[in-house]
Amino acid sequence: MKSSIYSSVTDAVASAKGAYGRYIKLTLNERQEILEGVKKALRPLANELAAMTVAETGMGIVQDKAQKIKLAIEKTPGVEDLITEVNTGDHGMTLYELSSFGIVCAVQPCTNPCATLISNTIGMLAAGNAIIHCPHPRAVKVSQFLTTIISESIRSISGIDNLVVTLHESLMGFTTEVMSHPDVDLVVCTGGSGSLRQAMTSGKKVIGAGPANPVTIVDATANLEKAARDIVRGASFDNNLMCTSEKCMVVEESVSDRFIYELLKNGVYYIRNEAEIQKLLNAAVTEDFVINKKLEGRSAKEILEYAGIPASKAIKLIVAETGRMHPFVITELMMPLVPLVKAADFDEALEIALEVEQGYKHTATIHSESIEHLNRAARELQTSVFVKNGPSLMGIGFDKEGHTSFTIATTTGEGTTTARHFARRRRCTLTSGFSIR
């Protein structure tokens, strides 16, 4: 058993607590040096980690997972994200700074296990914390391997062992025990709704990523060629496993035929035949309106074949034309199968989009050349991630704009989380001084 992998929650917490006692004494520059060492150790492993993830989970695309891992390594903010605020006046100075919580229980998903674990680790270590990772049962081996690499890298740089640890099994009982342990100070949950409910009852400070059903609007003013290309790119990326990926298209009817033509040019299998849509429904959604886990993260070709529909290898995405209340529309399908709903005008499109998003306030995108439409959609949808005239991938830092985060905390309100969210905001006041105006 490697030193960073424990069979006992008590031992894992005790080891992390001991490591935290040493880590908290380091300077910010020393923390950053550790983070740079971790990144250096992980860079050569991106492709290997991606292949291990697909092999273990049976979901996604190796090349896309490698891109996510590289993004998490390079674009997750470190100690530079720990902002300092100060107010000065006639009677003194008030300083606000960000300090560590202590030991963090980090619950990880099976959809983006490595990218989320890496991004969270960088942010949490930057904030000065120790970490106990609780991976999803479908991604235990790759998560343990990754945790060991990170832990060994930290030890080689600083001599601190077990600053980042995990458990030898992924059991809900273990995760619950870690969450409720008296020495654990913060719970960050990027898992499913079950683990999030458990986290919310832990009695600890919780940062929670809730459910999502990202919607995209295409209005009559949109650049249809670019919109189709962007949406297919976002919705097909890693077989639509991203919580931010487009899960439904709402298109103004006046441009729908031209837009569908553009979709077909981008590797889309378009279905409006009711018999084929029923076959897909029977394959992708259970009688309880839950997605078929066998098809979660599978390719468009595999999904079509499972449904008994002849498929081509060149297909990136399946688009099914449906009504606004179809199960494909109201269920978050974690697969490259996206419904398209037509709207009479922009007002109806926005109304449908609000229904589709269901008030999760997670992610939405819009393709439009109308400033009024762009602003109205952003204001009314109120999502944590909102992308205008681009693929959903832009919302988490692809294409070089903005920082990267793989924990979108909608339930607890932080939105795209970074180091500053994994720290406590502290206030320090000094009277009679330090105002030089």
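The model is predicted, so to speak of local features a pLDDT of at least 70 is needed, side-chain atom pairs count only at pLDDT 80 or more, and totals for chains, interfaces and linings use all residues. Residues are numbered from 1 along each chain as its sequence is written, and side-chain values use heavy atoms, with hydrogens and water left out.

**Domains**
- Domain 1 covers 3-209 + 410-428 and domain 2 covers 213-394, with bounds from an automatic or database domain assignment.
- Their C-alpha centres are 32 Å apart.

**Size of the interface**
- Domain 1 brings 14 residues to the contact and domain 2 brings 16, where contact means heavy atoms within 4.5 Å.
- About 1,200 Å² is buried between domain 1 and domain 2, and carbon and sulfur atoms give 57% of this area; buried area is the accessible area (1.4 Å probe) that two parts lose on being put together, summed over both.

**Links across the interface**
- Three salt bridges are found between domain 1 and domain 2, each a side-chain nitrogen of Lys or Arg within 4 Å of a carboxyl oxygen of Asp or Glu.
- Lys 65 and Asp 238 form a salt bridge through their side chains, at 2.9 Å from N to O.

**The domain 1 side**
- α4 (62-75) and β17 (415-416) each give at least two residues to the side of domain 1 that touches domain 2; helices (H or I, at least four residues) and strands (E, at least two) are DSSP runs, numbered from the N terminus.
- α4 supplies the largest share of that side, four residues.
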